[in-house]
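Below are some notes on the annotated positions and on one helix pair. Please read them with the coordinates open.

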Protein chains: 4
Amino acid sequence: MFQIADRTFSSRLLLGSGKFASPLLMQQAVRASGCQLVTLAIKRLELTKPQDDLVTPLRNMHIQLLPNTSGAKNAKEAIFAAELAREALQTNWLKLEIHPDPRYLMPDPIETLAAAEQLVKLGFVVLPYCSADPVLCKRLEQVGCVAVMPLGAAIGSNQGLQTRSMLQIIIEQAQMPVIIDAGLGAPSHAAAAMELGAAAVLVNTAIASSNDPVAMAGAFANAVNAGRMAYLAGLATPQQQATASSPFTDFLATL
Amino acid sequence: MFQIADRTFSSRLLLGSGKFASPLLMQQAVRASGCQLVTLAIKRLELTKPQDDLVTPLRNMHIQLLPNTSGAKNAKEAIFAAELAREALQTNWLKLEIHPDPRYLMPDPIETLAAAEQLVKLGFVVLPYCSADPVLCKRLEQVGCVAVMPLGAAIGSNQGLQTRSMLQIIIEQAQMPVIIDAGLGAPSHAAAAMELGAAAVLVNTAIASSNDPVAMAGAFANAVNAGRMAYLAGLATPQQQATASSPFTDFLATL
Amino acid sequence: MFQIADRTFSSRLLLGSGKFASPLLMQQAVRASGCQLVTLAIKRLELTKPQDDLVTPLRNMHIQLLPNTSGAKNAKEAIFAAELAREALQTNWLKLEIHPDPRYLMPDPIETLAAAEQLVKLGFVVLPYCSADPVLCKRLEQVGCVAVMPLGAAIGSNQGLQTRSMLQIIIEQAQMPVIIDAGLGAPSHAAAAMELGAAAVLVNTAIASSNDPVAMAGAFANAVNAGRMAYLAGLATPQQQATASSPFTDFLATL
Amino acid sequence: MFQIADRTFSSRLLLGSGKFASPLLMQQAVRASGCQLVTLAIKRLELTKPQDDLVTPLRNMHIQLLPNTSGAKNAKEAIFAAELAREALQTNWLKLEIHPDPRYLMPDPIETLAAAEQLVKLGFVVLPYCSADPVLCKRLEQVGCVAVMPLGAAIGSNQGLQTRSMLQIIIEQAQMPVIIDAGLGAPSHAAAAMELGAAAVLVNTAIASSNDPVAMAGAFANAVNAGRMAYLAGLATPQQQATASSPFTDFLATL
């Protein structure tokens, strides 16, 4: 069980709702994953097209919706999107994403911190997507964010924990949940993130773009559990040398 | 389900029985892992000390025993140990291990191939532990081994898939199960091995030396499932570039 | 040759002056490295202790001094230190370092950008030390910094290019020199940084803490040259498959 | 300076002669690299086509020729090729290569050891190309090879030190020169091999296939020197934590 703001979750896997071939496939993947928190882009909320409605089925599954501001290029756009989302979805939870760069979708640390500070004051429960920058994460905590979501690699890149050495420091220093977001392309990446001590991971592309999103969602769910269990049980440190066992000839001598 | 020789297994996690604090703890870990195949060193078979008996409880759990020749320094010692094991345990299954080097316990390719060839002729079902050498693995297949067990890293080192680039070639070329053995120190390592296409993995130190071997056994079981499911569903290739989504400003323009 | 502001340098290796056993050893290492730009902490400028004077010998060697604000915890402290340095050393060149975190010495993106903007207006030639954050580096360029100095790993950690995937993006997007700073613990790390397309690297701990700083300085100089030459000549892309050559039997057939 | 058999070399970079656009370019690259030992495939020795003669110019440069048996699929073919080479080139030096696998050109450990043993008895100075297998390398030493040439990655793959963890053990255990061969795609890879303690490296594809083989040869030469110097000077161990310097505020307090 882990807690964000006033809610408790049993699943440590968060899903994104983008890039699925259909809303139905998205729902099936969400169900297979056991996920309780789904992020969705405000710009994709096309409430006028009921056949594309992502929201109703998620609500029926008692999923906590986490609208995100993907596509916002600065704090002003993000705050505007947040207000829209709060009104449309009746939730003050928000994944804050600000990326002026259209090629790698890298988050802007300055605008993100400024927007986070304002959104907290406006009553939002803010989970910012950010670079794997230890000082930035500390500052986001200080302005009242309820969690941080540093990236493992570029969004959609499937490269895994490219920022591992920074994530270790972020997790060591954080006094709130650290959710690794972006770049996790395989269940082993998600397990490794949890083994580092992440509170949770968010996965989208690797599941939604899979040939079998439902199976892949289940795979990630298992991997997240595996990594968490191993973290709690305590992982051994890699050793340079093998642990020598007694030679077989000793045994022969005992015959 | 996967097959070795004439037996079918639903679990793709194999366990070693060494280094556990007690036989009871070993049994509990085996049960938690769902494992159906356990390797045990012939030299540890001290049948005269019933309180240390590893074998009876495993038999009661319907585990396929896989005696190993750990400690043998050449083919002759390994074959002698194999004969002892077959008689004592009433099984012709054998994990062949020959490591003349007491420090890193690295397998000897020459003696291993020679012993494998003879043991197959002697009616053994041979699964050799070997270095991650693609040509050696092909030759072990050609002399009649039912699987190969190339190492991921030095035994007990917990370093993970250090030999990944060679394992990829071995798996691509094999027409029998490839079981990654040695060096897997975390569930994420086991998941990564399965994602590569390994048929199974064998884990011992990382579970037996954990503070909580039972929990760690469950963690590895989940990770192996996760990696296998992902392999079957098809993993995406890592991308250099992010997958750009349409900018938020496009959305604003539609209001 | 590469240019920073109005100066041209033939050496792409920058040195730090900290942690050397003596000022003399520092000078010898600087000479062995061929370095033309040395950074020194303003707080170490103890002009009242002439025997510890780092500055005079560097000036005599025609080294461009690059005072740094190491130890500053916010923009205000950094600007104060910069003013002190300009007066004491008669140079407006400045390596901007702001790290509130005493354990990992990670740079603060917010304070660094704010200080950079002000220092540029105050007439400084600003080279900021920063996290490997592509958007931050772009912003530092936009406020008038003459180069950026993203970290490869934590200062003094010797871990090498832990932030490689982000550095690639930074280099691709930059229109000013990118100088990789911090964490380079071996010449191979420096060569790899140059092969990525970095304009230069800065090394301190790995040289100053070596058993033989003068030899290590020469080693890094060679590695930087090697990496730069390779970058210009064009590196091949890693291939999954070997390049097959014609089999020897074809040759035998021609006999 | 390092020694193989009865010859002493000042350069620790060995070159392969294959894949160059022309013999002249090969010579220029050899000259730029400072290399004193060049390997060439016996099957490429087309002595009847004088315009393609690789040998005469190398002899004029006082290069030690190292004919190789590339393309041989078993010990018999390799020994035949070795005899041909000894007669044609008037040298008993031999790089032994046996790779039955045409796709990845992986060496065969069994045939290689058998051929090495015979070739040593036949008076050859044998340097075998082999997988990064610590026990195999020890055995090759025991049968009288003067050096071992374990692979870093698949031939021509440019992937670098994929077998690093095994190479470390090989180097630690060897009492003869360890020359890292195959897979080194960038000067940083060569430097890293030397930093591990390799006696030398052999490079071919990365230089011959470069847009500018002469410049690339020089780059590798610099990198090999850098890695060797650093190895001798003693490299620092990577640290998890930064080395904290005294905070700037301490300095402020002294004003």
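1. T205(A) has a relative accessibility of 12% and therefore counts as buried, the cut-off being under 20%. The model is a predicted one. T205(A) sits in helix α8 of chain A. Apart from neighbours within four places in sequence, T205(A) contacts K19(A), G156(A), N158(A) and S210(A).

2. In an unreviewed entry, UniProt lists T205(A) under "binding site", together with G156(A), A182(A), G183(A) and N204(A). These positions span 50 residues in sequence, but no two of their C-alpha atoms are more than 9.1 Å apart, so they gather at one spot.

3. N204(A) belongs to the loop between β10 (200-203) and α8 (205-208) of chain A. With residues up to four places away in sequence left out, N204(A) touches G16(A), S17(A), G18(A) and F20(A).

4. The "active site" record, also from an unreviewed UniProt entry, is K95(A). K95(A) is part of strand β6 (residues 93-96) of chain A. Its relative accessible area is 4%, so K95(A) is buried. Not counting residues up to four places away in sequence, the contacts of K95(A) include T39(A), N68(A), Y129(A) and D181(A).

5. Among the residues making the contact are A219(C), N222(C) and M229(C) of α9(C) and A219(D), N222(D) and M229(D) of α9(D). The contact residues comprise 16 nonpolar, six polar and no charged. The crossing of α9(C) past α9(D) is left-handed.

Key
Residues are numbered from 1 along each chain as its sequence is written. Chains are lettered from A and ligands numbered from 1 in the order in which they are written. This is a predicted model: local features need pLDDT of at least 70, side-chain atom pairs count only at pLDDT 80 or more; totals for chains, interfaces and linings use all residues. Side-chain values use heavy atoms; hydrogens and water are left out. A crossing is left-handed if the near helix is turned anticlockwise from the far one by less than a right angle, and right-handed if clockwise. Helices (H or I, at least four residues) and strands (E, at least two) are DSSP runs, numbered from the N terminus. Contact means heavy atoms within 4.5 Å. Ala, Val, Leu, Ile, Met, Phe, Trp, Tyr, Cys and Pro count as nonpolar, Asp, Glu, Lys and Arg as charged, and the others, Gly among them, as polar. UniProt positions are given in the numbering used here, feature names are shortened, and annotations may be inferred rather than shown by experiment. Buried means under 20% relative accessible area, exposed over 50%, partly exposed in between (1.4 Å probe, protein chains only).
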